[in-house]
Amino acid sequence: MPNITLYHASPSRSSIVHWMLEELGEPYEIKLVSFKKGENRQPAFLAINPMGKLPALEHGDTVITEAA
Ligand SMILES: N[C@@H](CCC(=O)N[C@@H](CS)C(=O)NCC(=O)O)C(=O)O
């Protein structure tokens, strides 16, 4: 089980992080988040990123929320 998880929606800035992960070649998991269904505003996702925005990249206990 990879310890890197990308919360992703396309099109969005999380595609930049998806690209980075592909170039790194490390194993990762993708969890799709639907803006249309408002999943980024649900408590389960707000527990990952309280701003309710993508990207969110979990690496172990660390969460990174800036594509830059
Ligand atoms: N500071 C963040 C901003 C991320 C951001 O604004 N993401 C947009 C998608 S590109 C988002 O999640 N919008 C959903 C919303 O605000 O409800 C970054 O640049 O990585």
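**The ligand and its surroundings**

Q: How far is a nitrogen atom of the ligand from an N or O atom in the side chain of Glu 66?
A: This is a predicted model, in which local features need pLDDT of at least 70 and side-chain atom pairs count only at pLDDT 80 or more, while totals for chains, interfaces and linings use all residues. Side-chain values use heavy atoms, without hydrogens and water, and residues are numbered from 1 along each chain as its sequence is written. Between the ligand nitrogen and the N or O atom of the Glu 66 side chain, the distance is 2.8 Å.

Q: Which side chain has a polar atom 2.8 Å from an oxygen atom of the ligand?
A: For Arg 13, an N or O atom of the side chain is 3.0 Å from a ligand oxygen. The side chain with the 2.8 Å distance to an oxygen of the ligand belongs to Arg 41.

Q: What share of the ligand's accessible area does the protein cover?
A: Accessible areas come from the Shrake-Rupley method with a 1.4 Å probe. On its own the ligand has 510 Å². Of this, the protein covers 74%.

Q: Which residues does Val 33 contact, leaving aside neighbours within four places in sequence?
A: Contact means heavy atoms within 4.5 Å. By that rule the list for Val 33 is Tyr 7, His 8, Ala 9, Glu 39, Asn 40, Phe 45 and Leu 54.

Technical notes
A polar contact is a pair of N or O atoms within 3.5 Å; within protein, one must be able to donate a hydrogen and the other to accept it, and residues adjacent in sequence count only if both atoms are side-chain atoms.
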